[in-house]
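Open the model in your viewer and keep the selection panel at hand. Each stop below gives a selection and says what is there.

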Amino acid sequence: MLVQQIPVRNALRNYMYLLACENTRQAIAIDPLDHELCLKTAADLGWEIKLVANTHHHHDHIGGNGPVIEATGARLVAHAQATDAIPNVDQGLNAGENLDCGDLSLRVMDTPGHTMSHICLYFEGSDDADPALFCGDTLFNAGVGRCDIGGAPKIMFQTFQEQFFPLGDSVRVFPGHDYIENNLGFTLDREAGNKAAFELKEKFTRGLNAESFVSTIGLEREINVFFRLDQDEVRRGVASSLNLNFRDLDSEKTFIGLRRLRDSW
Ligand SMILES: [Zn+2]
């Protein structure tokens, strides 16, 4: 699989993705918001967009569908339950199905939480490429998506618990927005002594480009406080900030508490 991560550089700092089969150069465009930039990037690379895939129905993910499809004749795919909210979906996707493009095959994951009908696409890896997760607005680098615009934190926790926490450390993480620097600040606010988060934040301060930085699940386990639910310091912070009893906190309550704190952080 060939991957091109494309920063939109809008206020919301969206990322679009082009994934291509190296044999056929046929490509999937994920959430191609800036259609001109998406089409130009594909043309420059010599890739032919055959599919447009939306992770979920929010406008900053589907807003470029029309012109990309008009220019390429691509088919539009999205969560089977999002076909009312997203115009002109050609094929609804369900958990466990494969999305094929040329010789490239991705597995569809049903990942509610940010919205109730949200998919992630998973590439299981090959001889020359590590596995990869295209996770829209569920998992961000060093953070998670908000749940107050059609989602639910309890459901998002289930998605993380059942589908993200078990992933291998080598899985590359490709989220729908670039929020890493801000999110590292939130992690450090919860865990002042988190060395990995501190060192990475320093690297960005010294000029590391967030736009071309790709994290992994292994790194998320260190720098993303939503992966660190059993840490004493994290739980104590949630308990004292939200006036909860420390002994009542389990992973789920800690996750929900963190999401609440992040909403007003
Ligand atoms: Zn969204």
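Predicted model: local features only at pLDDT ≥ 70, side-chain atom pairs only at ≥ 80, totals over all residues.

Residues are numbered from 1 along each chain as its sequence is written, and side-chain values use heavy atoms, with hydrogens and water left out.

**Stop 1: the zinc ion**

Select the zinc ion with His56, His58, His114 and Asp137. The protein donors are NE2 of His56, ND1 of His58, NE2 of His114 and OD of Asp137, at 2.2 to 2.4 Å from the zinc ion. Donors are N, O and S atoms within 2.8 Å of the metal (3.2 Å for Na, K and Ca); water is not among the atoms, so sites may look incomplete.

Why is the arrangement irregular? The 4 donor atoms subtend angles of 86 to 175° around the zinc ion. Four donors count as tetrahedral if all angles lie between 85 and 135 degrees; four count as square planar and six as octahedral if opposite donors are over 155 degrees apart and all others between 65 and 115; anything else is irregular.

Along the chain, the donor spacing reads H-x1-H-x55-H-x22-D. Now compare His58 and His114, which link distant parts of the chain, 56 residues apart. His58 is in the loop between strand S4 (48-53) and helix H2 (59-62). His114 is in the loop between strand S8 (104-110) and strand S9 (119-123). Helices (H or I, at least four residues) and strands (E, at least two) are DSSP runs, numbered from the N terminus. Both histidines, His58 and His114, are buried (under 20% relative accessible area, with exposed over 50% and partly exposed in between; 1.4 Å probe, protein chains only).

**Stop 2: the aromatic rings**

Rings of Phe, Tyr and Trp (its six-membered ring) pair if their centres lie within 6.5 Å; planes under 30 degrees apart count as stacked, over 60 as edge-to-face and the rest as tilted. The count comes to 15 aromatic pairs.

Select Phe160 and Phe164: an edge-to-face pair, 4.8 Å centre to centre, with 80° between the planes. They are 4 residues apart in helix H4 (residues 153-164), about one helical turn.

Widen to the cluster: Phe157, Phe160, Phe164, Phe165, Phe186, Phe226, Phe227, Phe255 and Trp265.

**Stop 3: charges over rings**

Select Arg236 and Phe246: the charged end of Arg236 sits over the Phe246 ring, 4.0 Å from its centre. A charge sits over a ring if NZ of Lys or CZ of Arg is within 6 Å of the ring centre and within 35 degrees of the ring normal.
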